[in-house]
Every structure is written in structure tokens, then in C-alpha cells.
Amino acid sequence: MKNMEVYTPGHGLITDSLILQGICRYLAWHSVYDARIIRIGDRFKINFQHDLRLTDTEYTEYFENLRLACQTYLERQQINSSQIIEKIYTANINLPIFKRWLNQLLDSLNKISLMDFSENHKIVKKEGRNAKGKNLITLYLPLSSVYGKYVITNYRSSQTNYSVCDQCFLFANLGLIYGTTVLRSNKGDKSSVVFTTFLPQTETQLLDLLLLQRLTEFAHHEFLNSDVPLLACPLYFLSFGETMISVENIQALIWRIEKNGNFQRSLDVSLIRLDKILEFISAVKLQIPSWPKIVNKIIQDKSGDGQIILSDIAEALVFGTRDTYKIIRRLVSYVMNGEEKDEIAKVLDKVTLTLERTTKEQ
Ligand SMILES: [Zn+2]
């Protein structure tokens, strides 16, 4: 057994978090479940003990599945041919590049040898903004969104490309497929996609991030509506899964990209604590088993009020707003006007009580 130490390359917090999620999955496919993940600024260091082999069975099987999904799509052009393809399609706001994206993913799957993320990987591979190496691939906006500074238009996209090697591209894609939730809303000519992934605030164990991947793998949803507030997204997706996970030192990274006509840009980004949201969800689900169904209705509310309520609840939980009165008033008015008022009215007091209790225990 070798002592291994790998680093995410330093392509920004969003890309590095995606690559981290990809590395977690890759390690699990090699039957490595024991690893320490340490955050260093916007990068992560992963320590584990193992001799990774290219012939590890699970590893070859999963990579073969991914390869097959890409190949099948490229032959038949059916979006719903696999969950993997559907998720990348939902995440991508630039339709003309979709086929290229999958071709590049297939290509990087064919080229992959053993994972090689050394501390100075980015320099060795000459990756970065405006990098023009022959073997480098552009990181598409969903995989690289940088704090709202990264704006591309049809005219300027060539000036702001961020390019990486096949391995970074592949692992960022693995992170998107297995370690990120994707919520897309379309209205007229406008599409907005909100992504959520998880990372350690300082340090965590591989197993905790792998347990969270059970909630994020393949998770994507698309509906006709106006923008969903960032904070509503983790509350929505986490409502559907196992909530008995230890997330003490884990944060949620949430970001949004938007297409308006031909104009694409990255907008908000937010890094929040996760413990209170999960605590609230597990408490509320104990009392209201139909909670996931209710959340699913609220988030698809056409008026947009429902999404704001979810976001308000998350905000109260994350930032410890003591004044839950405002949220409860909004909930009541939503219930009075909503289409599903009876069902939600029945559980209203249980939701507000749980919310009050969870926010008070900050
Ligand atoms: Zn790279």
C-alpha cells in the first residue's frame, strides 16, 4: 500500500469542487473509502493509502458505462437514452456545443490512464485562461463559472476561454454527473441553471462526501418557471433523500448560470453551511412524511412565491434569522392563495414549529 497525496489543480473553487467530487467517485470505484480531504484555499488535498490499478473491476465497469452512454447518444442523438446524457444536457445552456462536449468527454474517457493530480499539475499541463495548448479542452460555463466575472458573449467567448487537460475535463464532468444537483428553469428565451455541490469547510472524510453523492448522483430537474432563488435549491434536492448524514464540517456551494437570447453569463455564487438545512429537513420529514411531495409542488409554483418561501426558510436556517414571523406570514398567505392550499394548510403549523425550533438552536 502506497501513501498517496493528490491535489485538485487550482482552477477556481467551482471547478476544483467538481474535480474533488470526481476524485471521490473515482476512489470509490477503486474500492478506496478511507481518505482525508483537506481544504487549502480554493483547492483540496486528498490523502489515502492504495495502489490504484487500471484493472480494478468496478472502475473499468463504470468507465465503460460512461463511454457507452456517450457513444449511444452520438449515434442516435436521443437525450433520454441515459440519465448521464440527460443531466449534462440539462446543465448546458449553449445548445450548439453539446455534441462537441460529449465527443470530448468520450475522447477523454478513451485517453485516461491512472489519475495524476500532482501539486503543480496546472503548471505542468499549461492550463488556464487563454491557454492554447494543442491538447487542451475549453471548460464550458457550467464547469467553470467564476464568481460572476466570467461573462461570455458570441463575440468575446474566444478571449475568455479557460482551458484544461483531458483529465481535468473528465473529472469535472464526473463531479457534475455524480456530485452536483442541477435545477434548470426555462421561460421564453431565457434559461437559468442552478448547481449545488458539497465541499469541506476545513477537513472531512471521503465517506461523508460519498454519502452525499447518493443525493446528488444523476439529480437534475427542469421546469417552466421563473428563476429559482439559490438557497431554495439545496432545500429542494436534499428533501428527497436520506437525511441522517453527518455534515458538521461540510458546506454547500451553489452557483447560477443564465442564457438570455444569445447572451450567456454566470451570476450568483454562494457558499453556505449545510447542517441546519439537513436538521430541519429530517425533523420536518419525521412529522410530515409527505414533505418531499409538498416541496415538489411549492417549487413548481407558477407565481414564483413558492420558491421564495423555500429560499426564506433556507435563509433563516443558514443565517440564523430569529424573525421567523415574516416567513410564517408568507407561508400563510401562500397557503390561502395557492392551488394546493388544503394539503399544505394541514401541515403548516408543523412546518413553522420545526422551523422555529431549528433556527433557535443556532
Ligand atoms: Zn489538468
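This is a predicted model: local features need pLDDT of at least 70, side-chain atom pairs count only at pLDDT 80 or more; totals for chains, interfaces and linings use all residues.
Four donors count as tetrahedral if all angles lie between 85 and 135 degrees, where donors are N, O and S atoms within 2.8 Å of the metal (3.2 Å for Na, K and Ca), with water not among the atoms. Residues are numbered from 1 along each chain as its sequence is written, and side-chain values use heavy atoms, leaving out hydrogens and water.

Let's start at the metal. H121 (NE2), E127 (OE), C165 (SG) and C168 (SG) coordinate the zinc ion at 1.9 to 2.2 Å. The arrangement is tetrahedral because the 4 donor atoms subtend angles of 101 to 125 degrees around the ion. Along the sequence, the donor residues follow the spacing H-x5-E-x37-C-x2-C. E127 and C165 are both buried (under 20% relative accessible area with a 1.4 Å probe, protein chains only).

Now turn to the open sheet, whose 4 strands run in the order β1-β3-β2-β10 with antiparallel pairing. Strands here are DSSP runs (E, at least two residues), as are helices (H or I, at least four), numbered from the N terminus; two strands pair if DSSP finds at least two bridges between them. At the edges sit β1 (3–7) and β10 (203–205), each pairing on one side only. Strands β2 (residues 35–40) and β3 (residues 43–49) share 6 bridges, and I37 has I46 in β3 as its bridge partner.

Note on methods
Four donors count as tetrahedral if all angles lie between 85 and 135 degrees; four count as square planar and six as octahedral if opposite donors are over 155 degrees apart and all others between 65 and 115; anything else is irregular. Buried means under 20% relative accessible area, exposed over 50%, partly exposed in between (1.4 Å probe, protein chains only).
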